[in-house]
Amino acid sequence: IGEARTALLELIEQSDNIVAFTGAGISTECGVPDFRSKDSPWMRYKPIEFNLFLSDVLMREEAWRRKFALDDIYSMAQPGRGHYALANLVQQGKISAIITQNIDNLHQMSGVDDEHIIELHGNGTYATCLSCGLRHELANVRHDFETTGAAPECRSCGGPVKSATISFGQSMPEEAMQRAHDVTRACDLFLAIGSSLVVYPAAAFPLLAAQNNARLVILNGEATPLDSEADLILRGDIGDILEPFSS
Ligand code: NAD
């Protein structure tokens, strides 16, 4: 990995418009399990599809039960070496944007401002009303849910309240998609970090970068379907590989 890391360092030095694209693999060392590992709690607390959430109040209650069970597992998570490495590169003006599929808020917690973060799948640390968009704090939602057992409704309009994440079957956030598209087209180096690169449309961004003549680097513990498109592949532990950038 030493040689590949030197090559990565050179690419980073040569570039001043880097886009980082992160997936669940950057957060596993922080205690947030990724999606596809065989012992993943996401398999026990499977996400509920959007149309079921909308149409069935019992499903809404079940979705909130699973959400809070998962929160118990990883609400103590703190950013890891990968997050701090990217935060440093943002601060140095090297990284123009972090596009993330993660919902764990750890890029924000590592000190990166919202301006530099594009969340494709939303954020699991708060909730919103699906009818009027009002933000609801999770602690309040949880208190009400655990007191009444009823699926939470908006205090302003009575609409269904949902974790501010994008569920399977829910449309992608338009503004985030557009921003991700724009920064990807503008960058000269695209770092795909800790993603299996199988979830679309998110996984289209590394492809778009490669087609747009940016260098594509894939950093992941296992092979991905886009490896053949990459200029450089670093196969190993993300925290170990990015540690030299993290302080
Ligand atoms: P994924 O689980 O499909 O892929 C993660 C990849 O990271 C895997 O290929 C795995 O081998 C690799 N990996 C895990 N730990 C690693 C490490 N320490 N070093 C190197 N590689 C490592 O994740 P995805 O591609 O992000 O897609 C999953 C979807 O589920 C996303 O859309 C996301 O919204 C959601 N999700 C988010 C979180 C989170 O917010 N942290 C966690 C689980 C799932």
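Two strands pair if DSSP finds at least two bridges between them. Strands (E, at least two residues) and helices (H or I, at least four residues) are DSSP runs, numbered from the N terminus. The model is predicted: local features need pLDDT of at least 70 and side-chain atom pairs count only at pLDDT 80 or more, while totals for chains, interfaces and linings use all residues. Residue numbers start from 1 along each chain as its sequence is written.

**View 1. Strand β2 with its partners β1 and β3.** Strand β1 (residues 18-22) runs parallel to β2 and is joined to it by five bridges. Phe21 has Ile99 of β2 as its bridge partner. Ile99 is in turn the bridge partner of Ile118 in β3. Three bridges join β2 to β3 (residues 117-119), and these strands also run parallel. Five of the six residues of β2 (residues 95-100) are buried, so this strand is largely enclosed by the rest of the structure. Here a residue is buried if 20 or more other C-beta atoms lie within 10 Å of its own, exposed if 12 or fewer, and partly exposed in between, with C-beta atoms placed from the backbone.

View 2. Helix α4 (residues 57-74) has 18 residues and reaches 26 Å from its first C-alpha to its last. This is close to the expected 26 Å, where the expected span is 1.5 Å times one less than the number of residues. Arg60, Ala63, Trp64 and Lys67 are the buried residues of α4. They lie on the same side of the helix because they cover an arc of only 95° around the axis, the arc being that of the directions from the helix axis to the C-beta atoms. An α-helix has 3.6 residues a turn, so residues three or four places apart point the same way. The buried residues pack against α3 (50-55), α7 (138-148) and β6 (161-165). Leu58, Ala69 and Asp72, on the other side of α4, are exposed.

**View 3. The four annotated cysteines.** An unreviewed UniProt entry places the feature "binding site" at Cys129, Cys132, Cys154 and Cys157; such annotations may be inferred rather than shown by experiment. The four span 29 residues in sequence, yet no two of their C-alpha atoms are more than 8.4 Å apart, so they gather at one spot.

**View 4. Cys132 and Cys157.** Cys132 is in the loop between β4 (122-129) and β5 (135-137), and Cys157 is in the loop between α7 and β6. Cys132 counts as exposed, with 11 C-beta neighbours inside 10 Å. Cys157 is exposed, with 12 other C-beta atoms within 10 Å. Leaving aside neighbours within four places in sequence, Cys132 is in contact with Cys154, Ser156, Cys157 and Gly159; contact means C-beta atoms, placed from the backbone, within 7 Å. With residues up to four places away in sequence not counted, Cys157 touches Cys129, Ser131 and Cys132.

Note on methods
Contact = placed C-beta atoms within 7 Å.
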